[in-house]
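The stops below are given in the order in which they may be selected.

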Amino acid sequence: MASQSPQRSYAGARRAALRLLAGAFFLSGTVVWATAPASALSEIKQEQATPPPAAESVEQEPLPPVHTVPDPDPIQTTPQGTDEPPQPAEEEAVPGEDESGQIGRPVIDPNAPLPEIIYDLDRLPSQVKRMRELIVEAAQSGNIEALRPLIGNGPDGTQIALGGVDGDPIEFLKGLSGDEEGQELLAILEEVLNAGYVHLDAGKPGELYVWPYFIAVPLDRLDARQKVELFKIVTAGDLEDMKTYGTYIFYRVGISPEGKWEFFVAGD
């Protein structure tokens with residue numbers, strides 16, 4: 001809009017001032033009339049008969065039309081181009097972790113059909129099969145240090161304890177073994193990977209291959225042959241202790257379909 005000349009601005013200011021004075025005069029007169037003592041009718045008529053002094057004529061200037069003022073834009077409550085607010089990203093599933101947060105612990109329905117127990121290693125994806133072979137070779141070497149490049153380090157490394165590990169993972173594994181060199185633990189690791197396995201959450205984000213299969217089978221549903229396989233890994237005393245929990249709680253190994261060694265843990 002073009003700026004007004006000084007004369008037009010001055011005339012507008014005078015009109016605004018006169019309107020304010022006229023309003024104040026009208027209000028003042030009303031108040032005085034309401035609060036002043038009652039006057040005779042003739043006095044009121046006489047006052048009304050007196051014409052007010054002629055006001056100075058002021059040049060009228062038309063006001064701008066109302067429709068020239070644009071309406072404000074509506075407040076945007078959602079991002080432009082979308083009908084709904086953005087949804088928070090879903091958390092990624094942790095391989096081998098069930099709804100209760102247990103590692104390699106599937107939720108077992110005692111009345112559900114038993115999962116397929118697999119012994120055929122050729123049914124493993126190539127990357128899973130290769131990782132299993134590397135772990136077995138390291139265990140058979142008798143040198144627990146051979147596990148270091150397979151376990152890795154940091155948050156992306158293999159989980160070797162339910163509560164996490166502070167410090168060197170190989171030294172931690174040595175401390176779990178009954179001997180000083182960690183060879184007992186290597187023997188357990190090899191026996192676990194020689195047992196049958198189960199394929200958990202096939203086709204889902206948490207898909208995993210887990211050894212031994214006892215992790216997914218209730219202990220009271222193991223047959224005589226399967227108990228012999230179990231006693232290759234645990235003792236009869238261990239089995240009695242596990243019956244308190246109703247499930248296998250000894251060492252288990254999980255490998256992702258991409259061949260990542262996800263965990264080697266024991267406990268519940």
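Rings of Phe, Tyr and Trp (its six-membered ring) pair if their centres lie within 6.5 Å; planes under 30 degrees apart count as stacked, over 60 as edge-to-face and the rest as tilted. Select Tyr119, Tyr213, Phe214 and Tyr248: these residues form one aromatic cluster. The structure holds 8 aromatic pairs. One of them joins Trp261 and Phe264, a tilted pair with 6.4 Å from centre to centre and 40° between the planes. Both Trp261 and Phe264 are buried (under 20% relative accessible area, with exposed over 50% and partly exposed in between, for a 1.4 Å probe and protein chains only).

Two remarks on the basis of the tour are in order. This is a predicted model, in which local features need pLDDT of at least 70 and side-chain atom pairs count only at pLDDT 80 or more, whereas totals for chains, interfaces and linings use all residues. Residues are numbered from 1 along each chain as its sequence is written, and side-chain values use heavy atoms, leaving out hydrogens and water.

Next, display the sheet. Its 4 strands form an open, antiparallel arrangement in the order E1-E2-E3-E4; helices (H or I, at least four residues) and strands (E, at least two) are DSSP runs, numbered from the N terminus, and two strands pair if DSSP finds at least two bridges between them. Strand E1 (198-200) and strand E4 (261-265) are the edges, each pairing on one side only. On average, neighbouring strands are turned by 20° against each other, direction ignored; axes are lines fitted to C-alpha atoms, for helices over the stretch in contact, and angles run from 0 to 180 degrees between N-to-C directions.

Now select residues 208-211 (E2) and 252-255 (E3), two antiparallel strands joined by 3 bridges. Trp211 stands opposite Val253 in E3. Helix H6 (residues 183-194) packs on the sheet, where it touches E2, E3 and E4; contact means heavy atoms within 4.5 Å. The direction of H6 makes about 60° with that of E3.

Move to helix H5 (residues 169-176), where Pro169, Ile170 and Leu173 are buried. Seen down the axis of H5, its buried residues fall within an arc of 100°, so they line one face of the helix; the arc is that of the directions from the helix axis to the C-beta atoms. Their cover includes helix H4 (148-151), H6 and E4.

Finally, which loop holds Ser256? Ser256 is found between E3 and E4, and at 3% relative accessibility it counts as buried.
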